[in-house]
Amino acid sequence: MHNIITRSTKPYICIKLILEEMPNHKEPSKALVAIAFAAVYILWGSTYVGIALAIKTIPPFLMAGSRFFLAGFILYIWCLLTGGKTPDKISFVKSTVAGTLMLYGGTTALIWGEQYIPSGLAAVIVASVPFWFVLLDKRNWKHNFSDKFTILGLLVGFGGIILLFNGKASFNLHHKAQLIAVAVVLIGGFLWAAGSLYSKYSGAKGSTIMLASIQMMAAGLAGIITSCITGEASHFVWSNVSMSSIYAVLYLITFGSLIGYIAYIWLLKVRPPAIVGTYAYVNPVVAMILGLLLNNEMIGGTQVAALIIILSGVLLVNLSKYTKT
């Protein structure tokens with residue numbers, strides 16, 4: 001993970017280009033959109049392994065809370081120093097709600113779940129996110145549910161989710177905690193999609209960067225409060241934290257939050273939610289490969305089969321969109 005941090009400088013191009021183009025209200029360039037998608041596809045896929053390494057010696061809620069709050073605070077200060085303004089109270093509250101749903105309800109649920117299940121399996125479960133987008137995006141129901149490929153894709157995709165539960169022995173999911181973790185990550189995907197749609201349609205006023213910083217700080221505070229309530233913080237011993245966990249947290253803050261999350265929030269503004277949600281197609285592949293190479297995680301046959309079924313389903317859901325673009 002340290003090598004990834006020190007060698008990966010090109011993703012900064014993504015955030016630089018987005019920051020430069022944000023003030024414009026023109027249609028964004030195809031190259032910029034492609035770069036932003038690459039950031040969410042590849043960088044977020046790598047964060048599953050980063051999370052697994054980070055929570056080896058740092059409690060999950062404390063790790064998530066500190067990661068999001070630090071990233072959001074850095075971004076907020078940067079906005080103020082570059083002339084940005086804190087949004088009005090209504091927009092501030094809307095951003096807080098969106099951030100809590102997405103990053104606390106969604107990502108923190110994933111982080112907690114990775115205590116008990118492999119990062120590759122967690123990524124496969126998160127591949128259900130595009131289905132939640134289709135089901136929750138009421139404004140596009142008329143189109144989504146009149147499309148036979150959308151309906152077929154939903155059925156195929158959820159068949160893959162069912163296979164994950166029926167084939168739990170392939171993942172050694174024989175402990176109650178592991179089964180609960182699978183359910184929590186699945187619910188987290190639902191909350192992520194709900195928060196994403198709320199962020200897109202709520203009409204919060206302000207720059208994308210400023211709103212993203214508020215979202216991250218809100219989720220960070222929620223995570224830190226939860227850590228205190230559950231007793232994590234009181235039992236935390238800094239001397240027990242390994243350097244690999246520290247490097248992983250730095251990677252998550254830089255590439256997962258400051259670059260990946262900004263790219264994601266920006267894409268929500270310029271592209272349909274169901275299309276943006278396709279990041280969940282590629283993330284499992286990246287996560288499983290890195291989990292195998294860096295974290296010695298085994299990839300079972302059922303896991304691969306479930307991934308293929310889920311990806312087939314989400315591709316069907318968006319087939320009509322692909323043929324029109």
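**Helices, a buried alanine and a nonpolar surface patch**

Ala39 counts as buried, because its relative accessibility is 5% and the cut-off for a buried residue is under 20% relative accessible area. This description, like those that follow, rests on a predicted model. Ala39 is found in helix α3, which covers residues 30-54. In space, the C-alpha of Ala39 lies 5.6 Å from the C-alpha of Gly260, although 221 residues separate Ala39 and Gly260 in sequence.

Among contacts between residues at least 6 apart in sequence, 87% join residues that are at least 24 apart. As to secondary structure, the protein contains 17 helices and 0 strands. The protein has 325 residues, of which 54% count as buried, and Ala39 is one of the residues that count as buried.

Attention now turns to the surface. The accessible surface of the protein comes to about 14500 Å², and 69% of this area belongs to carbon and sulfur atoms. A nonpolar patch on the surface is formed by Val285, Ile289, Leu292, Leu293 and Leu294, which together have about 430 Å² of accessible area. One of these residues, Leu292, lies in helix α15, which spans residues 279-294. Leu292 is described as partly exposed because its relative accessible area is 42%, a value that falls between the cut-offs of under 20% for buried and over 50% for exposed residues.

Notes. Residues numbered from 1 in each chain as written. Predicted model: local features only at pLDDT ≥ 70, side-chain atom pairs only at ≥ 80, totals over all residues. Heavy atoms only, no water. Helix = DSSP H or I, 4+ residues; strand = E, 2+ residues; numbered from the N terminus. Buried < 20%, exposed > 50% of the residue type's maximum accessible area, 1.4 Å probe, protein only. Contact = heavy atoms within 4.5 Å. Areas by Shrake-Rupley, 256 points an atom, 1.4 Å probe, with all protein chains shown as cover. Patch = residues over 30% accessible without salt bridge, like charges linked within 9 Å, V, L, I, M, F, W, Y side chains within 5 Å. Salt bridge = Lys/Arg side-chain N within 4 Å of Asp/Glu carboxyl O.
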